[in-house]
Protein chains: 2
Amino acid sequence: MRAPDPARVIPAITWLTRYRGRELSADLVAAVIVTIMLIPQSLAYAMLAGLPAQVGLYASILPLVAYALFGSSRALAVGPVAVVSLLTAAAVSRVAEPGSAEYMGAAIALALLSGLMLIAMGLLRLGFLANLLSHPVISGFITASGILIAVSQLKHLLGIDAHGHNLPTIAGSLAANLAETNFWTLLIGVFATGFLFWVRGNLKPLLRARLGMPPFLADILTKAGPVAAVVVTTSAVGLFDLAQRGVDVVGEIPQGLPPVTMPPVDLDLWGSLATSALLISVIGFVESISVAQTLAAKKRQRVDANQELTGLGAANVAAAFSGGFPVTGGFSRSVVNFDAGAETPMAGVFTAAGIALTALFLTPLFQHLPKATLAATIIVAVLSLVDLGAIRRTYVYSKLDFAAMAATILVVLGVGVEAGVVAGVALSVALYLWRTSRPHTAVVGQVPGTEHFRNVDRHDVVTSETVLTLRVDESLYFANARYLEDTVYDLVARHPKLQHVVLMCPAVNLIDASALESLEAINARLRDAGVTFHLSEVKGPVMDRLKRSDFLDELTGQVFLSQHQAMEALDPDTIRRAAARHETDTGRVRAV
Amino acid sequence: MRAPDPARVIPAITWLTRYRGRELSADLVAAVIVTIMLIPQSLAYAMLAGLPAQVGLYASILPLVAYALFGSSRALAVGPVAVVSLLTAAAVSRVAEPGSAEYMGAAIALALLSGLMLIAMGLLRLGFLANLLSHPVISGFITASGILIAVSQLKHLLGIDAHGHNLPTIAGSLAANLAETNFWTLLIGVFATGFLFWVRGNLKPLLRARLGMPPFLADILTKAGPVAAVVVTTSAVGLFDLAQRGVDVVGEIPQGLPPVTMPPVDLDLWGSLATSALLISVIGFVESISVAQTLAAKKRQRVDANQELTGLGAANVAAAFSGGFPVTGGFSRSVVNFDAGAETPMAGVFTAAGIALTALFLTPLFQHLPKATLAATIIVAVLSLVDLGAIRRTYVYSKLDFAAMAATILVVLGVGVEAGVVAGVALSVALYLWRTSRPHTAVVGQVPGTEHFRNVDRHDVVTSETVLTLRVDESLYFANARYLEDTVYDLVARHPKLQHVVLMCPAVNLIDASALESLEAINARLRDAGVTFHLSEVKGPVMDRLKRSDFLDELTGQVFLSQHQAMEALDPDTIRRAAARHETDTGRVRAV
């Protein structure tokens with residue numbers, strides 16, 4: 001066994017050896033911008049996950065360094081993201097009380113499990129598992145999660161209590177406590193939300209038109225909107241001592257670098273978090289790889305799906321050992337990183353340094369930061385994920401795909417995020433199996449005057465009373481093997497004079513073990529009914545595989561190289577009839 | 001809306017209207033034979049499910065009548081079967097203590113849920129869901145279940161306590177209590193097991209060779225072996241009062257017809273049994289439909305998969321309301337029914353009457369029936385399900401199919417039956433997606449002197465530096481859409497001079513919403529990289545569907561009717577080079 005190329009295991013080796021001043025300055029600029037954007041996001045997504053604010057900062061330090069070493073994307077910005085934080089809250093609150101030490105421990109265990117699963121998937125080259133999530137399911141999931149997250153954050157805008165993991169419970173719980181709305185909290189919440197929506201929609205055109213700012217700078221300033229909201233509302237709370245008037249604030253955050261944490265080794269806990277960890281891994285991966293590929297393509301670079309799994313896995317393991325929670329590549333953050341000119345993953349390392357400095361020195365500034373402002377940040381961010389147009393487009397394009405999407409949305413909103421993904425995946429796999437469970441088949445007959453055999457429903461062909469030929473136009477495997485059996489038995493039941501059935505296989509590239517058993521069953525059942533079973537036009541590799549089984553020994557009939565040979569052997573009369581009809585037809589044509 | 005044809009809802013109407021004396025006598029003979037076989041089986045499988053013996057009888061009365069009304073097979077014999085009883089024990093013992101009233105209630109609820117699920121699947125025409133269970137998974141599941149059941153019954157042969165739902169726990173528990181083995185129980189158990197194996201292997205040839213008995217009669221006598229074992233061992237226990245010596249017996253069974261039971265309406269209970277009910281439904285259905293189809297084919301009859309779902313569903317609902325537990329069509333019992341000449345499902349009604357008479361009058365006879373005899377019946381029956389040859393054949397035929405089978409066997413034995421099925425299904429779907437996640441693609445070039453474009457790896461073709469053409473040989477859907485993206489991005493990254501990418505689609509029959517998004521992503525990413533994206537040879541229906549989306553408007557390039565037109569438009573130089581090379585080649589041939 002050869003030792004693996006170290007640069008393949010740690011892609012950082014490749015770019016670090018060519019790291020020069022030009023890359024350094026570009027990465028530094030990008031890191032400063034991403035850090036400014038990441039500070040409020042990391043605090044907000046920790047709150048969304050039900051965790052203390054500093055956990056968000058911790059999850060934005062070591063995981064970024066780990067990804068920089070092992071990831072393959074040049075521009076991906078890793079850290080806490082909305083959907084994964086929501087999934088974390090759903091999973092962890094099932095096994096522990098929010099606010100308890102067990103809750104924190106479970107979040108750490110979830111990051112560890114998710115990290116180990118991602119690494120295992122990377123090593124075993126299981127990136128294709130992400131294919132299980134079809135686009136309509138992902139799109140429906142993200143839209144519904146966005147709505148669910150936005151609604152769940154309303155409690156912070158109102159300053160009331162509410163809980164639940166689906167729309168009915170959250171809405172009911174909000175309605176029950178609506179009377180306790182805190183005026184000052186609502187004021188801050190409405191201001192922050194309105195301001196952020198205004199920034200998102202109007203600031204950029206304003207900066208460009210009125211101030212003639214270059215598009216890149218206008219863009220960066222727009223992305224800094226949440227920081228402005230944080231500064232303004234935090235100052236207001238501090239100046240007017242609004243915490244005394246019932247405005248919920250982040251409060252004291254411990255100053256310092258992330259602690260070294262040992263994830264709890266508790267097999268029962270791991271068992272109950274395993275499914276959630278798998279969902280978080282796959283969903284996080286799908287989201288991340290999609291933005292990574294988009295950005296890489298712009299520079300004609302490549303990301304390697306299996307290396308991405310390893311990189312994201314390393315990031316989550318790092319989160320688990322430094323007091324964090326599950327992370328993945330964020331969409332808008334990565335785009336900002338790319339647009340700001342990040343050249344290498346070193347930008348992520350610099351961002352981590354920025355967040356580390358924040359954790360060391362700036363946390364006292366967040367003491368008066370109102371939770372309503374963080375909630376506003378989350379709401380404005382996630383509502384941009386809601387894509388109602390995609391629902392309409394999918395409906396127009398394909399009803400089956402729409403069914404999978406609608407199921408995902410309805411179950412996420414009505415039951416919860418995890419149930420929604422599972423329902424969506426199960427339905428899309430089931431619909432796919434259903435779509436492919438009926439291979440195209442045709443009963444064929446001879447085209448007079450040729451050796452061609454064509455579909456009896458479409459062509460004027462000569463057929464035999466005693467020989468029935470069925471052409472299968474797809475590979476045979478477990479999803480459609482039973483349908484083939486049904487089709488053959490139906491045809492035999494409808495043709496009482498039948499003596500031979502020929503299965504014509506010019507388009508069969510694979511016969512799996514299930515399909516082999518179906519062919520054996522067809523052979524045995526036709527034998528019991530006094531009908532012989534033949535094959536024709538079987539491809540070479542399929543024939544080689546069949547020779548490894550007993551099927552060819554037990555076959556009551558033969559395997560014919562061509563369908564014409566089959567008919568000559570089984571029913572020469574029909575061949576003669578076809579020839580005769582051809583002559584009559586030709587004669588008729590001549591006579592005309 | 002038209003009223004549905006009553007004979008389609010209740011197939012019994014069709015055969016009842018033509019029911020004559022000939023059918024009556026044939027059905028009566030078959031029913032007598034099946035009843036004799038079913039009595040010990042029903043008692044034994046109730047014991048396997050952890051339920052009182054009479055429950056086995058109850059499950060063999062009304063369910064048979066319900067199936068006769070709604071089922072579509074003429075010969076299927078419904079009732080308790082080994083694998084479903086094992087699944088019942090695994091599911092019910094998770095929610096209730098064996099022997100308790102809750103345990104019985106949960107078994108009844110399981111029958112109800114399974115029945116309702118089967119009926120729903122029948123009405124929604126979801127029979128194709130059974131395709132999820134590939135043959136290797138079913139075969140592995142049955143073999144492993146057979147081993148597990150046989151080992152679990154050893155405790156009755158030894159007269160000791162043991163429990164567990166997988167091989168390690170059962171074996172450990174047997175080993176721990178081995179010292180308490182009861183001599184008399186072991187004697188009866190070894191005698192009954194040895195006798196039954198002898199009957200199965202040697203009685204039929206003996207009866208035919210020595211006594212010149214006709215094969216049919218010899219067969220029936222062989223099937224009555226368990227009854228003989230029951231009679232002999234029950235008499236022995238009664239005569240020598242072996243119950244006093246510690247031989248565990250069935251004991252007093254209440255005399256009378258099945259009680260009317262109301263399944264517990266407890267949503268929590270239903271929720272925790274739902275997955276098990278689904279597994280029992282699908283596995284029971286797959287087993288049942290397979291034997292039903294085999295028997296129907298012998299008379300060139302048909303069974304309707306969706307009608308079978310309704311029939312089995314009705315049988316399970318009937319079981320729930322008459323103190324029974326989940327049932328399905330049994331393999332050996334149905335074969336006996338068929339061989340004994342059953343003409344219509346009325347044979348099942350007569351069998352039900354036979355079991356009802358047994359429940360009314362014969363239960364006192366079972367008081368001294370040793371459990372060891374029932375265990376011997378079960379062991380001999382299930383070991384015939386173990387098919388080690390199938391494991392070897394699958395290994396030889398296909399390693400991927402073998403992997404799914406091996407996973408099923410190992411997880412059933414090591415963890416339990418339900419986990420085993422889930423693992424097998426998940427692995428076979430995953431392997432299938434993996435198998436199909438890489439559609440066959442080829443970069444093509446022009447065959448000089450023709451308008452044909454062929455694989456550059458297999459043919460001597462002319463290619464362009466600025467235009468890359470990729471031919472896809474399969475439909476594009478969520479399982480392989482991402483692979484297509486990867487392939488295109490890889491090719492673009494490797495060809496720096498590229499200006500155009502053409503996707504040649506002569507074999508693409510479907511582009512689902514996921515694949516459409518992938519094509520949109522390819523288009524957008526190639527545009528960002530300065531490469532135009534074109535399609536060629538798109539089939540009509542695929543084109544029609546694409547027109548329903550915005551893709552064609554956003555496409556940076558064009559859709560060409562033929563690949564040759566594409567090359568003429570995008571790189572006429574290469575077309576000229578191909579023509580020139582053809583002339584040189586031809587000239588060279590002429591010169592030779």
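Visitor: Where is A:Glu537 found?
Guide: A:Glu537 is in the loop between β7 (532-536) and α23 (540-546) of chain A. Keep in mind that this is a predicted model.

Visitor: Is A:Glu537 buried or exposed?
Guide: A:Glu537 counts as buried, because it has 21 C-beta neighbours inside 10 Å and the cut-off for buried is 20 or more.

Visitor: Which way does A:Asp241 go, buried or exposed?
Guide: A:Asp241 counts as exposed, since it has 10 C-beta neighbours inside 10 Å. A:Asp241 is not a glycine, yet has a positive phi of about 50 degrees. You'll find A:Asp241 in the loop between α12 (225-240) and α13 of chain A.

Visitor: OK, switching to helices. Which residues of α15 in chain A are buried?
Guide: In α15(A), residues 331-339, the buried ones are A:Phe331, A:Arg333, A:Ser334, A:Val336, A:Asn337 and A:Phe338.

Visitor: What covers the buried residues of α15(A)?
Guide: The cover includes helices α3 (21-48), α11 (215-223), α13 (267-298) and α16 (346-362) of chain A, along with strands β1 (78-79) and β2 (328-329) of chain A. After α15(A) comes A:Gly341, with a positive phi near 100 degrees.

Visitor: How do α8 and α20 of chain A pack?
Guide: Helix α8(A), residues 135-158, and helix α20(A), residues 417-436, pack at an angle of about 160 degrees, and their axes are 10 Å apart. That angle is over 145 degrees, so the two helices α8(A) and α20(A) are roughly antiparallel. Their crossing is right-handed.

Visitor: Which residues of α8(A) and α20(A) meet there?
Guide: From α8(A) you have A:Val137, A:Gly140, A:Phe141, A:Ala144, A:Ser145 and A:Leu148, and they meet A:Val417, A:Gly420, A:Val421, A:Gly424, A:Val425 and A:Ser428 of α20(A). Sorted by class, this contact has seven nonpolar, five polar and no charged residues.

Visitor: Now chain B. What about α5 and α16 there, at what angle do they pack?
Guide: The angle between α5(B), residues 62-70, and α16(B), residues 346-362, is about 165 degrees, with the axes 8 Å apart. So α5(B) and α16(B) are roughly antiparallel too, and α5(B) passes α16(B) in a left-handed crossing. The residues of that contact are seven nonpolar, two polar and no charged.

Visitor: What does B:Leu385 contact, apart from its sequence neighbours?
Guide: Leaving out neighbours within four places in sequence, B:Leu385 is in contact with B:Ile142, B:Thr143 and B:Gly146. B:Leu385 is in the loop between α17 (371-383) and α18 of chain B. With 19 C-beta neighbours inside 10 Å, B:Leu385 counts as partly exposed.

Visitor: How many residues does each chain put into the contact between A and B?
Guide: Chain B gives 48 residues and chain A gives 49. On the chain B side, the largest share is eight residues, from α21(B). By class, that side has 22 nonpolar, 12 polar and 14 charged residues.

Visitor: Last one: what domains does chain A have?
Guide: The domain assignment gives domain 1 (23-429) and domain 2 (441-591). The C-alpha centres of those domains of chain A lie 58 Å apart.

Terms used:
Residues are numbered from 1 along each chain as its sequence is written. Chains are lettered from A and ligands numbered from 1 in the order in which they are written. This is a predicted model: local features need pLDDT of at least 70, side-chain atom pairs count only at pLDDT 80 or more; totals for chains, interfaces and linings use all residues. Domain bounds come from an automatic or database domain assignment. Two residues are in contact if their C-beta atoms, placed from the backbone, lie within 7 Å. Helices (H or I, at least four residues) and strands (E, at least two) are DSSP runs, numbered from the N terminus. Ala, Val, Leu, Ile, Met, Phe, Trp, Tyr, Cys and Pro count as nonpolar, Asp, Glu, Lys and Arg as charged, and the others, Gly among them, as polar. Axes are lines fitted to C-alpha atoms, for helices over the stretch in contact, and angles run from 0 to 180 degrees between N-to-C directions. Angles under 35 degrees count as roughly parallel, over 145 as roughly antiparallel, 65 to 115 as roughly perpendicular and the rest as oblique. A crossing is left-handed if the near helix is turned anticlockwise from the far one by less than a right angle, and right-handed if clockwise. A residue is buried if 20 or more other C-beta atoms lie within 10 Å of its own, exposed if 12 or fewer, and partly exposed in between; C-beta atoms are placed from the backbone.
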